[in-house]
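Thanks for passing this one along. Here are my notes, in numbered points, to read with the structure open beside you.

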Amino acid sequence: MDGESPSSSGATASTPPPQDAWIHTYNSFLPLWHSLSLSPQSTIPITMSRVNQVDAARLDVEMSAMLKEQLVKVFSLMKPGMLFQYEAELDAFLEFLIWRFSIWVDKPTPGIALMNLRYRNERATESRQKVRTGLEGPGLTVAQKLWYCIATVGGQYIWARLQSFSAFRRWGDTEQRSLAQRIWILLQRIEGIYRAASFGNLLIFLCTGRYRNLIERALRARLVYGSPNMNRAVSFEYMNRQLVWNEFSEMLLLLLPLLNSSSVRNLFRPFSKDKSSSSAEDDTLCPICRATPTIPFVAIPCQHRYCYYCLRTRCAASPSYRCSRCSEPVSAMQRHGGGPSE
């Protein structure tokens, strides 16, 4: 009987399952699958780079400035100062063009595109709960695009015009409690509240990485990566070049006041190409002011003629002054034709 038990157990183990076993298994796991797919925990959180978002905003500002510079050159031949009166309208027109050919047609702005970002409607993402990688989701709706244009283009234009008009009318300088002064105080309070709200939004953005400004937070327009496998497309070569030239210019501004122009000129005089002309020039002229000396003095020991005041000021400024003609150190000066030396 002991010899039959292994064979009987092997036969039992090799018995195939019923044909409908997989159906029963699928039906048993189906409710669990639906619960996981409908669960809010199924959304994978994603962290966006704050540097990319800030760099995108900075690049958009630089793009607007570059377009404005090119547009101003078109009106360079017009009456001076006329374009300054319509600067707010010009800025609004450029911002509208950028919005029209980027956000309105479901494309990112130039700075956002360089940073591999795009706008996503967070309201639709939260309502559907079908985000799996953190990058899916629809773009902005038509209403969100229009409100974005009204806030960024229209809001900035109206505020700039109010500021310039109130400053021109001097609403804040009036002493009596007039309507203009009340409007001025109201504008100052609105600006203070907006700045405080922007600062609070900045702190929240640094903590969470969502919504760079109040407009994006109000519209629930979040920046997400456009492609999960794309690196930043910004070259730092131009920035490095600018830093090098800025440091070099600052070093020159620091050293130039410390240099003596005559000493530098005398240092490079042996390498100059006009040696023949310099040797043949008139010895009767002062080598400093290139005029005939009214009070002629000679440098000792080289005996070259100078104006008294020219030679005196050079020797007082630099005790080791060298002659402008022969580069020999001047130890003293004497009146031409004889006289006491100094």
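1. Burial first: of the 342 residues in the protein chain, 22% count as buried. Please keep in mind throughout that this is a predicted model. The chain exposes about 24,000 Å², and carbon and sulfur atoms supply 64% of that area. As for secondary structure, there are 14 helices and 5 strands. Among contacts between residues at least 6 apart in sequence, 57% join residues at least 24 apart.

2. Which residues touch the most other members of the largest nonpolar core? They are Ile103, Ile112, Leu117, Tyr119 and Tyr148, out of 18 residues in that core. Helix H5 (87-100), strand E1 (117-121), helix H8 (142-169) and strand E2 (221-225) each supply at least two of its residues.

3. Strands E1 and E2 deserve a look together. They pair in the antiparallel sense over 5 bridges, and tyrosine 119 has leucine 223 of E2 as its bridge partner. Of the 5 residues of E1, 4 are buried, so this strand is largely enclosed by the rest of the structure.

4. Is Gln144 buried or exposed? Its relative accessibility is 4%, and because the cut-off for buried is under 20%, glutamine 144 counts as buried. Its side chain makes a polar contact of 3.0 Å with the side chain of asparagine 121. Beyond its neighbours up to four places away in sequence, glutamine 144 touches Asn121, Arg123, Leu219 and Arg220.

5. Not counting residues up to four places away in sequence, leucine 219 touches Arg123, Gln144, Trp147 and Tyr148. For a sense of how the chain comes back on itself here, leucine 219 and lysine 145 are 74 residues apart in sequence and 9.1 Å apart in space, C-alpha to C-alpha.

6. Glutamate 191 is another buried residue to check. It is found in helix H9 (residues 179-208), and its relative accessibility of 18% puts glutamate 191 in the buried class. Setting aside neighbours within four places in sequence, glutamate 191 is in contact with Trp159 and Gln163.

7. Now the three-stranded sheet. What is the order of its strands? The open sheet runs E4-E3-E5, with antiparallel pairing. Strand E4 (305-307) and strand E5 (332-335) stand at the edges with a single partner strand each, so one side of each has no neighbour in the sheet. Neighbouring strands are turned by 45° against each other on average, direction ignored. Strand E3 (residues 296-300) pairs with E4 over 3 bridges, and phenylalanine 297 has tyrosine 306 of E4 as its bridge partner.

8. Helix H14 (residues 308-317) packs on this sheet, where it touches E3, E4 and E5. The direction of H14 makes about 90° with that of E4. Within the helix, Tyr308, Cys310 and Leu311 are buried, and what covers the buried residues of H14 includes E3, E4 and E5.

9. With a relative accessible area of 46%, glutamine 303 is partly exposed.

10. Last, aspartate 106, in the loop between H5 and helix H6 (110-114). Its phi is positive, about 60°, although aspartate 106 is not a glycine. Is aspartate 106 buried or exposed? Aspartate 106 is exposed, with a relative accessible area of 57%.

Note on methods: Residues are numbered from 1 along each chain as its sequence is written. This is a predicted model: local features need pLDDT of at least 70, side-chain atom pairs count only at pLDDT 80 or more; totals for chains, interfaces and linings use all residues. Side-chain values use heavy atoms; hydrogens and water are left out. Buried means under 20% relative accessible area, exposed over 50%, partly exposed in between (1.4 Å probe, protein chains only). Contact means heavy atoms within 4.5 Å. Accessible areas come from the Shrake-Rupley method with a 1.4 Å probe; for residues, only the protein chains shown count as cover. A nonpolar core is a set of buried Ala, Val, Leu, Ile, Met, Phe, Trp, Tyr and Cys residues joined through side-chain atoms within 4.5 Å. Two strands pair if DSSP finds at least two bridges between them. Axes are lines fitted to C-alpha atoms, for helices over the stretch in contact, and angles run from 0 to 180 degrees between N-to-C directions. A polar contact is a pair of N or O atoms within 3.5 Å; within protein, one must be able to donate a hydrogen and the other to accept it, and residues adjacent in sequence count only if both atoms are side-chain atoms.
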